[in-house]
Amino acid sequence: MANNAKIKKRIADGVAYLILIIFTIIAIYPILQVLSISLRPGDRLLTTSLAIIPEDATLAAYKELFSGRPFLLWMRNSILVSFVVTATGVALAAMAGYAFSRFRFKGRNIGLLSVLVTQMFPATMLLLPMYIMLVKLGLINTFLGVIIIYSSTALPFCIWMMKGYYDTISPSLEEAARIDGCTQFAAFYKVVLPLAAPALVIVALFSFMTSWAEYIVAAQVLQDTHLWTLPVGLQTFQANMSTEWGLYAAASLIVSIPVVILFLVLSKFLVSGLTLGSVKG
Amino acid sequence: MLERNRKLFPYILILPAALVMLGVVFYPFVYNIVLSFSNMSLRNFREWQVIGFDQYIRVFFEPTEPSFYVVFIKTMIWTVVNVTFHVIIGVMLAMMLNRQIKGKSIFRTLLILPWAIPQYIVALTWRGMYNYEYGAINLILTQYLNLPAVEWLRSPTEAFIAVIITNIWLGFPFMMVIALGGLQSISNEFYEAADIDGASAWQKFKNITVPLLKPVMIPAVTLGIIWTFNNINVIWLVTNGGEPADQTHILVSYVYRAAFGLYRYGYAAALSMVIFFILLIFSLTFMKRSQATKSAY
């Protein structure tokens with residue numbers, strides 16, 4: 001009887017391993033492909049071999065990327081844009097989310113509802129009017145143009161997340177601080193904000209990734225090569241697959257590795273934040 | 001004095017965010033409504049005028065290729081197929097990861113990778129893998145499985161399947177992580193009690209796992225539906241803007257093409273409004289049905 005149960009468990013574990021291994025291979029295979037392409041010598045980009053580490057592996061594509069292409073310039077542009085979007089998003093959402101969480105004031109419900117509704121806007125809906133606005137304001141081909149558009153995506157979500165997190169922090173802490181003579185702003189700034197650090201991190205990560213990995217808007221607004229952000233630059237390598245596929249692959253790896261590491265470290269917070277934000281409201 | 005300050009404080013906190021939202025969300029939204037009733041295009045960019053419902057009538061009745069209805073149906077297929085596979089694969093993997101097995105955290109980390117990589121890189125990489133002669137997918141099909149190579153990106157049906165496969169790959173980790181969190185919060189006592197009663201694995205899944213996982217999954221599915229419906233990156237980049245011959249659009253990429261490929265601004269604005277209402281009605285019904293936001297605000 002006990003033996004029977006043991007065998008059953010063994011079989012079930014075996015099936016679990018099998019499924020996990022199959023899906024892990026599916027999950028990492030495309031990434032290994034990119035690695036493989038980035039290491040191929042220039043005359044063997046197009047090959048029908050499926051070996052992951054190619055014969056005559058070389059780092060030539062990486063060298064060409066840094067010395068022969070404006071890759072570092074694109075990276076600087078991406079960092080600049082992402083940094084500004086993240087800083088504004090986090091600062092504004094930290095304050096607005098706090099107000100929505102702690103105070104009952106006129107316009108609160110409408111404010112919260114409109115934040116939620118913006119999440120249902122089709123991705124392209126605000127893009128067209130904003131594009132026309134940017135043309136009229138002369139902001140096409142400027143970083144300010146993309147920064148404005150990105151903050152419209154990032155900010156509503158950030159406010160919503162911050163509010164959800166503040167809701168889980170007990171208000172008795174601020175009340176105690178107020179009794180000790182803190183001003184309202186000091187109670188928020190010195191007591192609540194440090195406790196909300198995990199949420200701030202998630203919101204920062206989200207804003208950063210939004211702008212770091214955005215292609216559709218950047219392709220319309222940034223037209224000069226020297227203003228391109230990484231996604232636009234990388235796309236041109238890929239479009240010309242036969243000659244620059246190696247560059248594309250090398251650049252992809254370099255661009256992905258920092259965000260992937262950041263993401264893996266923070267994914268636990270991210271998920272608890274997401275579920276809190278939507279369940280608890 | 002103090003009392004008045006107290007009332008003002010929330011407004012002061014909200015003011016900066018409100019100003020930005022006003023400028024980058026509400027003003028463009030209203031502007032979009034105006035545009036949708038106008039005849040603006042690249043040709044009359046400066047002398048455009050309000051012309052009434054013409055653009056909306058065009059959205060529904062103009063004999064374009066592909067027509068609005070075809071794209072609408074494709075969008076529905078796209079959303080339903082993607083989210084269904086995300087949930088099934090995600091929950092299945094979460095259940096495997098929830099067992100007492102070795103190497104759990106390594107599997108978990110590797111399985112999250114598709115979610116962690118920037119979407120445009122995923123899309124462009126898969127596009128390369130679908131290449132007819134040199135793409136990895138056809139090489140695997142012909143070299144290992146002895147199957148004929150598939151013209152992934154040159155015929156509409158295959159291209160659409162190719163994009164869906166890409167998006168399934170990209171989206172299952174999110175559902176997996178959410179489901180894993182939900183499973184870990186289910187007390188083991190339920191399963192032990194069921195074991196004593198001699199319940200089968202399927203009965204335990206149906207009567208314990210599913211009902212207790214549901215409240216966790218419903219908000220995630222709602223988000224998943226909205227994200228998938230709205231996901232222009234993958235479809236645009238894998239098919240290189242709707243190739244072949246605009247046969248692989250979903251609604252959001254269809255609008256993008258009308259606006260930035262054909263410069264039909266008024267028409268694109270009207271189409272955007274239609275999509276917005278579809279999404280709004282859909283999400284509200286879904287949330288009401290599932291009571292996901294009972295305490296939302």
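User: How many residues does the contact take from chain B and from chain A?

Analyst: This is a predicted model, in which local features need pLDDT of at least 70 and side-chain atom pairs pLDDT 80 or more, while totals for chains, interfaces and linings use all residues. Residues are numbered from 1 along each chain as written, with chains lettered from A and ligands numbered from 1 in written order. Two residues are in contact if their C-beta atoms, placed from the backbone, lie within 7 Å. Here chain B gives 75 residues and chain A gives 74.

User: Which helix gives the most to the side of chain B that touches chain A?

Analyst: Helices are DSSP runs of H or I, at least four residues, numbered from the N terminus. On that side, helix α1 (residues 2-36) of chain B gives the most, with 16 residues.

User: How do I read the packing of helix α3 of chain A and helix α6 of chain A?

Analyst: Two packed helices are described by the angle between their axes and the distance between the axes. Angles run from 0 to 180 degrees between N-to-C directions, and axes are lines fitted to C-alpha atoms over the stretch in contact. Helix α3 (residues 71-102) and helix α6 (residues 143-166) of chain A pack at about 35°, with axes 7 Å apart.

User: What is A:A96 in contact with, leaving aside its neighbours within four places in sequence?

Analyst: A:A96 is in contact with A:I159 as well as B:L13, B:I14 and B:A17 of chain B.

Notes. Helix = DSSP H or I, 4+ residues; strand = E, 2+ residues; numbered from the N terminus.
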